[in-house]
Amino acid sequence: PSHAVEIRAMAGLLLKNNLRRRDTLQLETIAFFKGVAGAGVLQALSDGNSLVRGTCGTVLATLAYRLGSNL
């Protein structure tokens, strides 16, 4: 269903915005990405829908930027 793609893309954008808004990333957030969320984001890179893949790339770029600024 096309709604599922839209919902997944919106969830990714909400995730990206939450990552951007935080002043610092707590260790729990980093651990969460190393576990459950990170696996899901990496799996989405091979999704058949370009909207989901693009959103995934945006989330990964934001995470990489934020982790680089917190190290």
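A residue is called buried when its relative accessible area is under 20%. The exercises below use this cut-off on a predicted model.

**Exercise 1. Describe the overall make-up of the chain and state how much of it is buried.**

Solution.
- Step 1: the chain holds 3 helices and 0 strands.
- Step 2: read from the N terminus, the order of elements is α-α-α.
- Step 3: the radius of gyration is 12 Å, close to the 11 Å given by the globule rule for 71 residues, so the chain is as compact as a globular protein of that length.
- Step 4: along the principal axes, the C-alpha atoms fill a box of roughly 40 × 20 × 15 Å.
- Step 5: with the cut-off above, 27% of the 71 residues count as buried.
- Step 6: for contacts between residues at least 6 apart in sequence, 64% join residues at least 24 apart.

**Exercise 2. Decide whether Thr62 is buried or exposed, and find its contacts beyond its sequence neighbours.**

Solution.
- Step 1: Thr62 belongs to helix α3, which spans residues 50-70.
- Step 2: the relative accessible area of Thr62 is 11%.
- Step 3: buried means under 20%, so Thr62 is buried.
- Step 4: with neighbours within four places in sequence set aside, Thr62 contacts Lys16, Leu19 and Arg20.

**Exercise 3. List the members of the largest nonpolar core and assign the core to elements.**

Solution.
- Step 1: the core has 11 residues, namely Val5, Leu19, Leu25, Phe33, Ala37, Val41, Ala44, Val52, Cys56, Val59 and Leu63.
- Step 2: two or more core residues come from each of α1 (2-21), α2 (27-44) and α3.
- Step 3: in soluble globular proteins, nonpolar side chains tend to be buried together.
- Step 4: take Ala44 as one of the members. Apart from neighbours within four places in sequence, Ala44 touches Val52, Arg53 and Cys56. Val52 and Cys56 are also listed in the core.

**Exercise 4. Characterise the largest pocket by volume, lining and residue class.**

Solution.
- Step 1: the space in the largest pocket is about 230 Å³.
- Step 2: its lining has 13 residues, and those nearest the pocket centre are Arg8, Gly40, Val41, Ala44 and Val52.
- Step 3: sorted by class, the lining residues are 7 nonpolar, 4 polar and 2 charged.
- Step 4: at least two lining residues come from each of α1, α2 and α3.
- Step 5: compare with Exercise 3. Val41, Ala44 and Val52 belong to the largest nonpolar core and also lie among the residues nearest the pocket centre.

Methods. Residues numbered from 1 in each chain as written. Predicted model: local features only at pLDDT ≥ 70, side-chain atom pairs only at ≥ 80, totals over all residues. Heavy atoms only, no water. Helix = DSSP H or I, 4+ residues; strand = E, 2+ residues; numbered from the N terminus. Buried < 20%, exposed > 50% of the residue type's maximum accessible area, 1.4 Å probe, protein only. Contact = heavy atoms within 4.5 Å. Core = buried A, V, L, I, M, F, W, Y, C linked by side-chain atoms within 4.5 Å. 1 Å grid on protein atoms, 1.4 Å probe; cavity = no way out; pocket = protein on both sides within 12 Å on 5 of 7 lines; lining within 4 Å. Points joined across faces, edges and corners; volume = space filled by probe spheres on them. Nonpolar A, V, L, I, M, F, W, Y, C, P; charged D, E, K, R; others polar. Rg over C-alpha atoms; globule rule 2.2 N^0.38 Å.
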